[in-house]
Amino acid sequence: PPELAERRLLVAHDRKALLQDAQPMLDARGLLELQARARAVHASEALLDYLQALVRATREAQDVRTGLSPRGALALLACARGLALLERREHLIPEDLQEVFVPVAAHRLQIAPNTEAIAEEIAARILEQTPVP
């Protein structure tokens, strides 16, 4: 950060103290209900085909040593479902997967040695090159 912004951080009150004043917006029961609603968001066969194509592309990319695992695929599906729920939809659309793909995939990709691209760039390229069924 710029020096002035960094100085403000150094002399400001402990930001953790702000958490003591924060009021919860959701209780445990409400959170569990939202999680159940997200899991119930429908994923069509075509959408699952698209998800699998994206995951397969991460495994086959030359500049990736290790692509998404099955757990990574599940995380991608869960994030897409959560996004659809936030958009008040009961079904997934390709745009849900596209919106969450780069952050979910880039976090999990292991880049091959001597690769100059960063994980976010590789994930974005995979997303761009993988056709929507």
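This note comments on the salt bridges of the structure and on one residue of a helix.

1. The model is predicted, so local features need pLDDT of at least 70, side-chain atom pairs count only at pLDDT 80 or more, and totals for chains, interfaces and linings use all residues. Residues are numbered from 1 along each chain as its sequence is written, and side-chain values use heavy atoms, with hydrogens and water left out.

2. The structure contains 2 salt bridges, a salt bridge being a side-chain nitrogen of Lys or Arg within 4 Å of a carboxyl oxygen of Asp or Glu. In general, side chains of opposite charge can pair when their charged atoms come close.

3. Helices (H or I, at least four residues) and strands (E, at least two) are DSSP runs, numbered from the N terminus.

4. Asp63 is buried, at a relative accessible area of 13%, whereas Arg125 is partly exposed, at 30%. Buried denotes under 20% relative accessible area, exposed over 50%, and partly exposed in between (1.4 Å probe, protein chains only).

5. A salt bridge also connects the side chains of Arg89 and Asp96, at 2.8 Å from N to O. Asp96 is buried, with 2% relative accessibility.

6. Leu10, in helix H1 (residues 3-11), is exposed, with a relative accessible area of 65%. Leu10 and Glu128 are separated by 118 residues in sequence and by 42 Å in space, C-alpha to C-alpha.
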